[in-house]
Amino acid sequence: MQYRTLAIPNPRRLIYGWSPRPVRCGFDLAIGGGLVFPEVNFTLPAIEIRRDTWHEVMAHYEEMASQVLRRAVALQAPGIVLEFELLPPMTSTPEWGAEITLLLHRHLAEAYERHGLRGALRVTPVDLREQTKPPALREGGPWDILKRSFEVCIEAGADIISIESVGGKELHDRALMYADMNGIAFALGVLAPRDIAWLWERIAGLCQSGGHAVPGGDSACGFANTAMQLAHQKMLPEVLAAVVRAMSAPRSLAAFEHGAAGPSKDCAYEGPVIKAITGCPISMEGKSATCAHFSPVGNIAAGVCDLWSNESVQNVRLLSGNAPEAYTELLAYDCRLMNVAASKGQALLLRDWLSESDEDLSPQAAVLSPAATFRIARAIVAADTPYGRTIAAGMAAVAELRERIAAGRLKLSPQEIEWLGRIENQLRALPPDEEELRSEIQERYPGVFAPASYGWPPAPVLVAAGAAG
Amino acid sequence: MSDLLYDAILKGDATTAAILARQAIDQGSAPGQMVTRRMIPAMDEVGRRFERGDYFVPELLLSGRAMKAALNIVRPLLASGAAEPAGKVVIGTVQGDLHDIGKNLVAALLEGGGFQVHDLGVDVSPSRFVEAVQQKAPDIVALSALLTVTLPAMRTTLDALGRAGVREQVRWVGGAPVTRQYAEEIGADGYSDNAFGAVRMARTLMENSCDAIPNSSHP
C-alpha cells in the first residue's frame, strides 16, 4: 500500500490530540481520539546489567513504575503511556526484556483496576542488527535475537511495539559527516525504506500472531536526530540537519505502508508529516524532554502530537521525588493545558502559538511548522518512489527555508546560507534513476553496506582461474 | 603552485591537491618543505576556521581527505621518520553500547590529523580491547559511550587493560554522559567532551608526558 493523498488535507484539521485513525490499545486507551496523554519514558542510572545485578535492575523498574503511576493518579491524568526502551543487554537476552515488560504491564493493570487510570505500555527493543560490518540485517544471530525479543515482549504484555531501525545508517553516518547529499539520499531514500518494508511486515506479523500489541511506528532518530544534535554542537550546518529531517520522513512513512498503525515513536520529529499523510496518531517530545537532550523545537513539537513524551530520564533522586515521577508531572501539566484549550475549541490557536514561538528561530523548527509540514507532505505523496519522495521532501525543505530567509523571518549566518546553496545544488544534481546512484555509491563507499541486507543479490565475487594446484 | 596546494587543501579538493602535489614533486620541490610550509599550515588554518565557527565538520573532513591525498604522493619521498604517523590509536565504543557517531567522528578527525587509527567498532568487550592493544601497540586507547548505563563498562575495560599488563598506554574517554570527574575516578589519562578537542588532546598527549588528565572540555 502506498499513500498517494493526505489523510488530513486541511491544515486546520492537523491539530494535537486528534487523528482520523485513532489507535485503541492497552487498558481502554484511545490515542488520537481527542485527548493528548503523557508518554513517560524512564531508564536506569549508571549500573552494569548482569545476572548478579539483575535484582537491582528489577528494583529500579519496580520503583519507577509505581512512582510514575502514583503521580499520574494523584494528578488525575486521563490516561498515560509508559515506554520501555530496552537497553542492549535486555534485547540480547530477550527474557530479561520480557521480565520487565511483564512487571510494567502488571503495574498498569493494577492502576487501571484500582484507580481507573487508562494506560498502555510501549515496548521498544534495540535494533541490534548493526553489530557486524557491514550489518547483516535480514539473517543471522542479531536478527534472530531481535525477533525473539519482539515475540517474548508481545507475549509478556506489550501494548505498542516500536523500533528505531538502523537500515541505511551505516551509509548515512559516513555521508552525513561529509554532507554528501548523494550518500544521504541513497541511505534515506533507498536503503532505509527497503529495510523498513522488510522489517515492519515482520513486526506487524508478529503483532497479529500473538498477544494484543499494535505495531506503533519507527523513528529516524539515528539519522535526523543525530544530525540535529551535531548541528546544535556546531559540528554540522543547521540547514543540513533541517533538510535531513524532511528527507527522513519518507523512510519513516514506509513503516506505515508496511504494517505500522501508530502511535509513532516519540523521537520521530518527522511525525507531523507522517500524521498529515497517514492520519495515524503520533508521539512527540520537546520542552519536557530536556532531561535527555537539547531541542530547538521545544514548543512546536507539541503542536500536533497525540502523545507527549519526555524522551528518557534516569531513575535518580530529585528534591520532589525521583526524576521519572517528576517528569510525569511536567508532562501531565503540559497535557492538561492542551486538553483544556481543545475543550474550549482553541486547539488550533494553541497549536499556532506553539508553532510561532519556535518556527522562526531555527531551521529545524521552520521545517516542522504546519505550513512546512504540508508542503513536505504534499511533495512526498506526489512522488512515486521512496527515492523520489526523499529528494522531493529535501527540495521542499530547501524551498521553505529559502522563502523564510528571503522574507527576513529566518536569520542565518552567511556560512549557513552558503551551505543551503551547496545542499540545493547537490539535490538538483542527483540522478533521477536510483540504480545509477547505487552504482556510484557502491564505488564511493565500497563495502559499507551489504546488498543482501536490502534484498539485492550479493555482489559477484571474481575468481582468477588457473592458479590453483 | 605551492600556494595552490595550500588552497586546495583549505577547500577540501582532494583531486586537485593530489595533482598539484605530483606537479610540485615533478618540478623539483622539496617534499619535506611542501609538507611543513604548505600542507600542515593549510590544515592549521582549517582548524582555526573550525574553532572560529567558519567551518563545519564536513569542511574539516574534506580538507583532511585532501591532505591525505597529497601526503600519499609526498610520503614515499620523505626521509625516514618524517613519514611516520602522528601516533597510533585504538578506538571503540564500550561493551553494551551501540552508538558510534561520536566515535566515528573522532576516528575520522584523528585520521585527518595524521594518526593511524584502528577502529574496533561498537559493543567492544574488554577482552577485544586488550587483544587489540597487544596486537597494535597503540599510543592511545580511546573509549566511547553514549548511554549512562554503559559508563561502568569503561571502568571494566580499563581494569582489564591493567590486568593484562598493557596499562602503560595512554587512554582517554569520551561521550555524552562522561564527565572529567568520572574519567579521573576510573583512572583514564585524558578526557574530551567533543571530537575536535579529542584530536587536540591526542596531539598534546603525544608531545608531552601524561602525568595529569588533560581536559579539553568546553568551559
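**Figure 1. The loop around A:Pro134 in the predicted model.** In this predicted model, A:Pro134 belongs to the loop that runs between strand S5 (119–124) and helix H4 (141–156) of chain A. The peptide bond leading from A:Lys133 into A:Pro134 is cis, with omega near -10°.

Figure 2. A:Gly262 and A:Pro263 are joined by a cis peptide bond, for which omega is about 0°. A:Pro263 is placed in the loop between H8 and H9 of chain A, and helices H8 (238–257) and H9 (271–278) each also supply at least two residues of the lining of the second largest cavity.

**Figure 3. Backbone of B:Asp123 in a loop of chain B.** Although B:Asp123 is not a glycine, its phi is positive, at about 55°. The residue sits in the loop between strand S2 (116–119) and helix H6 (126–136) of chain B. Strand S2 of chain B is among the elements that each supply at least two residues of the lining of the second largest pocket.

**Figure 4. The interface of chain A and chain B.** The contact draws on 30 residues from chain A and 27 residues from chain B. About 2,400 Å² of area is buried between the two chains, and carbon and sulfur atoms give 67% of this area. On the side of chain A, A:Met177, A:Tyr178 and A:Met235 supply 29% of the area that this chain buries against chain B, more than any other three residues.

Figure 5. One salt bridge is found across the interface of chain A and chain B, and it is formed by the side chains of A:Arg422 and B:Glu59, with a distance of 3.4 Å from N to O. Side chains of opposite charge can pair when their charged atoms come close. Five residue pairs are in polar contact across the interface of chain A and chain B, both residues being at pLDDT 80 or more. Helix H5 (169–177), helix H7 (221–232) and helix H15 (414–428) of chain A each supply at least two residues of the side of chain A that touches chain B. By class, the residues of that side divide into 17 nonpolar, four polar and nine charged.

**Figure 6. The second largest pocket, with residues of both chains in its lining.** This pocket has a volume of about 900 Å³. H5 of chain A, together with helix H4 (57–74), helix H5 (101–112) and S2 of chain B, each supply at least two lining residues, and H5(B) gives the most, with six residues. The lining of the second largest pocket divides into 14 nonpolar, five polar and twelve charged residues.

**Figure 7. The largest cavity.** The count comes to two cavities of 30 Å³ or more, and the largest cavity has a volume of about 70 Å³. Its lining is made up of A:Leu14, A:Pro272, A:Ile300, A:Ala301, A:Gly303, A:Val304, A:Arg351, A:Ser355, A:Leu368, A:Ser369, A:Pro370 and A:Thr373. Helix H11 (347–356) and helix H13 (370–382) of chain A are the elements that give two or more residues to this lining, which by class has seven nonpolar, four polar and one charged residues.

**Figure 8. The second largest cavity.** About 50 Å³ of space lies in the second largest cavity, and its lining includes A:Arg245, A:Ala246, A:Ala249, A:Tyr269, A:Glu270 and A:Ile376. Helices H8, H9 and H13 of chain A each supply at least two residues of the lining of the second largest cavity, and H8(A) provides the largest share, three residues. The lining residues divide into eight nonpolar, one polar and two charged.

**Figure 9. A salt bridge within helix H3 of chain B.** A search of the whole structure finds 50 salt bridges over all chains, and one of them is formed by B:Glu45 with B:Arg48, whose closest N and O atoms are 3.1 Å apart. Both residues lie in helix H3 (residues 31–52) of chain B, where B:Glu45 and B:Arg48 are three residues apart, about one turn of the helix.

How values were computed: Residues numbered from 1 in each chain as written. Chains lettered and ligands numbered in written order. Heavy atoms only, no water. Contact = heavy atoms within 4.5 Å. Buried area = accessible area lost by both parts, 1.4 Å probe. Salt bridge = Lys/Arg side-chain N within 4 Å of Asp/Glu carboxyl O. Polar contact = N/O pair within 3.5 Å; in protein donor to acceptor, adjacent residues only side chain to side chain. Helix = DSSP H or I, 4+ residues; strand = E, 2+ residues; numbered from the N terminus. Nonpolar A, V, L, I, M, F, W, Y, C, P; charged D, E, K, R; others polar. 1 Å grid on protein atoms, 1.4 Å probe; cavity = no way out; pocket = protein on both sides within 12 Å on 5 of 7 lines; lining within 4 Å. Points joined across faces, edges and corners; volume = space filled by probe spheres on them.
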